Amino acid sequence: MATRVSVVVNPRSGAGRTRRTLINLERALRRLNIQYELLQTLRPGHASQLAREACARGCDVLAVVGGDGTLNEVAQAYVNADGAPVAGPPLALIPSGTGGDFARCCGFGDGHLESALARIQAKKLRDLDLGILRLNDAEQRPVSRAFINIASAGISGDVDERVARGPKWLGGKLAFLLATLGSSLRYRNVPVGISIDERPWHEGPVVVVAIANGQFFGGGMQVAPGADPGDGLFDVVVVGDLTRAQFLTQFPKVQSGAHLELEAVRCVRAHDVTVRALDVERPILVDVDGETPGYLPLDAQILPRAVQLCID
């Protein structure tokens, strides 16, 4: 029996490159005798709706064509309104976005269409964890958000806003690099309190705190080099109270994961994480897989083996 695949596509991802590859994608799907439906997003949040509807209709594989933001939206189909896991079809990644950080974590960084379709046909699966995040949106309403890669607070929220406003033709790595350097010129370290599995762990100013299921964020920065998206634990990384000069000189170490050697950096593994702002007058934006759904305080929990991923 031919594989039935629902393909959720963000045609605007990758500075429009995805739209240009759709013809080749459909040709390849037909050539490989893969039965498919093509579901194109029309607006922010639409991928979540399309993914839930595809799961309700029934499919063998739910494929995502886009970047980390589109993948994050599709991940919402694997949790209910209360943040509990919902069974769904295996997930397949066809990377085509600005960042592509979770694809990089999974070893899919080549972005080749043929490789992605081969993973669908191989029917070899790996269990992945999801994170579920509870925070406040811009109107201070409580919201829940699943994430498959990394949630963070601090300079990362400002970086995301700069990338969103900036030109997409720069490519992910350069866009995030320039945005990070720009943010560092005006960013002031934020004081936060962090609890790990209901025990106080860190209190004080930070450049960023990352709750990591995957290893990379920001277009290839290896913020959590030891993170494994299938081990049932977050890697929580805090970059503490660095000065602006220290941040600019030490920032290159994040590319290789060498920043963990710095005295101002701490890392711990956890099932549950709480982060609260200590300065209530200063809103702290939260980054979730490259999106910015709200502000501190946040609570994050790991959902072990919530998703299966098509792999080589």
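A charge sits over a ring if NZ of Lys or CZ of Arg is within 6 Å of the ring centre and within 35 degrees of the ring normal. That is the test behind the first close-up. Everything here comes from a predicted model, in which local features need pLDDT of at least 70 and side-chain atom pairs count only at pLDDT 80 or more, while totals for chains, interfaces and linings use all residues. Numbering runs from 1 along each chain as its sequence is written, and side-chain values use heavy atoms, with hydrogens and water left out.

**View 1. Two arginines sit over aromatic rings.** The charged end of R282 is placed over the ring of Y187, 5.8 Å from its centre. R119 does likewise with F108, lying over the face of that ring at 3.6 Å from its centre.

**View 2. The whole chain, for orientation.** The protein has 8 helices and 15 strands; helices (H or I, at least four residues) and strands (E, at least two) are DSSP runs, numbered from the N terminus. Its C-alpha atoms fill a box of roughly 55 × 40 × 35 Å along the principal axes. For 312 residues a compact globule would have a radius of gyration near 20 Å, and the 19 Å of this protein agrees. That radius is taken over C-alpha atoms, and the globule rule is 2.2 Å times the number of residues to the power 0.38. Of the 312 residues, 54% count as buried, where buried means under 20% relative accessible area, exposed over 50% and partly exposed in between (1.4 Å probe, protein chains only). Among contacts (heavy atoms within 4.5 Å) with a separation of 6 or more, residues 24 or more positions apart account for 74%.

**View 3. L133 and the largest nonpolar core.** A nonpolar core is a set of buried Ala, Val, Leu, Ile, Met, Phe, Trp, Tyr and Cys residues joined through side-chain atoms within 4.5 Å. The largest one has 49 residues, and L133, I194, V273, V275 and L298 touch the most other members. Zoom in on L133: beyond its neighbours within four places in sequence, its contacts include V143, F147, V286, V288 and L298, along with S144, R145 and D299. A second, separate core has 30 residues, among them V8, L39, L130 and I132.

**View 4. Aromatic rings in pairs.** A search of the whole structure turns up 2 aromatic pairs. Rings of Phe, Tyr and Trp (its six-membered ring) pair if their centres lie within 6.5 Å; planes under 30 degrees apart count as stacked, over 60 as edge-to-face and the rest as tilted. F147 and F234 have ring centres 5.7 Å apart and planes at 10°, so they are stacked. F147 belongs to strand β6 and F234 to strand β11 (residues 234–239), so the pair ties together parts that are 87 residues apart in sequence. F147 is buried at 0% relative accessible area, and F234 is buried at 0% too. The rings of F247 and F251 have centres 5.6 Å apart and planes at 40°, so that pair is tilted. F247 counts as buried at 12%, as does F251 at 8%.

View 5. Most residues other than glycine have a negative phi, and most peptide bonds are trans. Here, though, a cis peptide bond joins L296 and P297, with omega about 10°; P297 is in strand β15 (residues 291–311). Q140 has a positive phi, near 65°, in the loop between β5 (124–136) and β6 (142–147). Its relative accessibility is 51%, so Q140 counts as exposed. D197 also has a positive phi, near 50°, and its place is the loop between β8 (190–196) and β9 (199–206). D197 is partly exposed at 31%.

View 6. Helix α3 (residues 68–75) is mostly covered, with 8 of its 8 residues buried. P85 lies in the loop between α3 and β4 (91–95) and is partly exposed at 48% relative accessibility. Leaving out residues up to four places away in sequence, P85 touches Y78, V79, L303 and A306. P85 and A146 are 61 residues apart in sequence and 9.5 Å apart in space, C-alpha to C-alpha.
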